[in-house]
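Please look at the sequence and structure first.

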Amino acid sequence: MSAVALSQSLLLVGLGYWGSQRLVSDIGRSAHKANHDRTEDKVLAFLAKTESVVGALGDSPTLRPTGPSADQTAELLWTLLQQSPELDSTYVADDEGQMLMVLRYPAPAVRRISRGPSFTTETWEFKPPSSVQDDARHRYATTRIEARRSSYDPAQRSWYIGARKANGPVWTQPYVFAAAQELGVTYALPSRRTQADGASRTLVVAGDVSLGRLSEFVRLFSSSSGQGNSALLSASHQVLARSDVPGVVRQLMPAKDGVLGALSDHLLSDGAADGPPETSFSMAYGGRRYLVQTSRIPSTGWELVSWVPEDMLLGALQRAVLWGLLLAVLFLAATLLLSLRLSKLVTSPVENLSHIARRIGLLELDNLPREHSRVLEIQHLDQALDESARSLKAFSKFVPVDVINRLIAEGHALAPSGSPRRITVMFTDVEGFTSISESIPADVLVGLLTEYFNVAARVIAQHGGVIDKFIGDGIMVLWGAPADLQDAEYQACTAALQLHAEMAALNGRWRAQGLPEFRTRIGIHTGVVIAGVLGSNDRLAYTAFGDVINVASRIEGINKQLNTQTLVSEATFEALGGRLRTRRIEEDAELRGRQTRMVLYELLA
């Protein structure tokens with residue numbers, strides 16, 4: 001009942017929060033769009049002023065880069081440049097390589113260019129610095145003149161070629177200005193003139209805007225709006241101007257860092273998708289969510305983007321909504337915790353007992369906890385589970401629990417079954433065990449055997465072997481059953497070597513105590529056997545049988561005749577691939593019960 005009530009309450013709270021967030025988002029988008037539109041209007045006005053100045057120059061009837069009207073043209077260019085802070089320079093050029101330019105940077109000057117057959121002559125008439133406050137005539141006065149040679153050819157510049165090719169006004173792609181050595185863009189348009197002799201002549205009039213100027217403008221406007229940042233991207237998504245990073249753009253490159261980098265990636269992926277691109281969307285970056293507006297500048301192909309954190313626009317309203325949601329959730333959480341606390345008094349003991357029962361089912365019988373409860377039925381269940389665990393723990397001493405767990409994990413039915421399987425079999429035996437058993441008391445013998453079997457079982461388990469059975473003082477071990485084992489032959493042989501090494505240490509301790517030593521003899525063989533759960537309907541065991549088992553036992557037994565400790569069959573030897581030291585027995589061994597002799601190898605340490 002608590003869960004149903006909680007679910008309904010959370011649904012209502014969630015719907016309310018969703019509706020509030022929708023309202024907050026709509027308000028934020030509207031406010032941000034208004035700021036973006038204002039920025040776009042300013043950028044358009046900025047570009048329009050440049051186009052207006054260059055257009056006015058193109059309409060001047062006396063516009064000439066050289067000749068008698070050149071001084072008048074220079075004054076006109078100078079005047080318009082002083083009245084247009086958006087521009088860095090204005091100029092006019094003809095198709096003969098003659099050019100007249102007025103520039104603001106790197107120093108106020110009039111630059112006259114005359115293209116000759118082999119080089120270009122440049123005459124620079126420097127003007128007073130812009131900081132000088134004087135009348136117009138003194139501000140235009142020439143302070144010094146410099147003449148230079150260069151290879152500059154106006155007719156080969158991108159703005160000139162673009163205007164002539166388009167036969168109309170163009171905005172260039174960003175490039176490095178020759179005079180100011182700064183990145184910028186140029187607006188250029190052709191101006192056709194008819195000379196006195198009736199011949200037609202085309203001039204190209206242009207104005208430069210540096211990216212530094214654009215950056216200052218975008219940064220100034222973004223700071224005045226007080227919210228968010230703006231950036232201008234070229235048609236190829238290179239940064240022209242941005243307000244989120246101080247300084248000016250010195251090198252053209254795509255936006256790769258910060259919010260603008262993530263925004264540019266989104267725009268590129270959106271442009272590659274079908275359908276019209278998004279102009280208004282939201283995105284997450286750096287743990288904050290941003291409202292984004294984009295628009296395209298038609299005359300240049302540039303893209304204006306602006307972004308603002310949602311919390312900056314609507315932080316107070318969002319906090320109020322979140323506080324309301326938090327209080328509702330806290331109230332519901334307190335109700336749920338109280339309900340769960342009451343229910344835990346009953347369900348917790350049952351849950352703990354189910355965990356204990358699950359561990360008993362997996363035969364994990366060590367350190368099982370007891371569950372204490374005031375409920376009588378839970379006490380009875382806890383007592384019954386404890387008695388079952390103690391009985392199973394005693395029973396597990398007589399059955400291979402790890403084998404049972406593997407069979408269950410692999411989905412084998414615990415019923416009589418068997419299938420062919422290639423395995424490696426090991427038989428071990430203690431040399432002279434009968435004499436040892438007759439020479440010491442039974443309790444001492446049991447202690448020695450137990451210690452010996454503990455060492456052997458640990459070594460075998462380390463190398464992936466499964467003990468099939470203990471046969472008196474001997475052990476039958478399987479590698480590759482019931483679960484497949486990679487490189488079973490090598491694992492069996494390394495286990496034999498380690499068992500000899502550890503028994504040498506154990507024998508040393510026994511010898512110091514005056515006890516007899518166990519010299520272990522081992523036989524190993526590899527082949528296909530029938531492995532599975534075998535036995536009667538009421539008593540089963542996992543084992544393997546077949547000729548391979550018999551041969552492995554005979555190989556172990558022939559150690560006595562050959563005075564060796566570890567013998568392996570040829571099949572096992574071939575699988576080793578020379579990784580362990582062996583010695584071939586010169587005479588083929590004759591095994592009891594077999595008509596053919598076998599090639600055997602002694603495994604050396």
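Which strands each supply at least two residues of the lining of the largest cavity?

## Basis

This is a predicted model, in which local features need pLDDT of at least 70, side-chain atom pairs count only at pLDDT 80 or more, and totals for chains, interfaces and linings use all residues. Residues are numbered from 1 along each chain as its sequence is written, and side-chain values use heavy atoms, with hydrogens and water left out.

## The largest cavity

Strands E1 (89-93), E2 (98-103) and E9 (200-210) each supply at least two lining residues; strands are DSSP runs of at least two residues (E), numbered from the N terminus. E2 gives the largest share, three residues.

The volume of the largest cavity is about 160 Å³. Of its 19 lining residues, Ser89, Met101, Phe177, Ala179 and Asp208 are the closest to the centre. A cavity is a set of points, on a 1 Å grid over the protein atoms alone, where a 1.4 Å probe fits but cannot get out, and lining residues have an atom within 4 Å of a point. Grid points are joined across faces, edges and corners, and the volume is the space filled by probe spheres set on the points. The count is three cavities of 30 Å³ or more.

## Arg421

Arg421 lies in strand E15 (residues 419-430). Arg421 counts as buried because its relative accessibility is 16%, the cut-off being under 20% relative accessible area with a 1.4 Å probe and protein chains only.

The Arg421 side chain reaches the backbone oxygen of Gly480 at 3.2 Å.

Technical notes. 1 Å grid on protein atoms, 1.4 Å probe; cavity = no way out; pocket = protein on both sides within 12 Å on 5 of 7 lines; lining within 4 Å. Helix = DSSP H or I, 4+ residues; strand = E, 2+ residues; numbered from the N terminus. Buried < 20%, exposed > 50% of the residue type's maximum accessible area, 1.4 Å probe, protein only. Polar contact = N/O pair within 3.5 Å; in protein donor to acceptor, adjacent residues only side chain to side chain.
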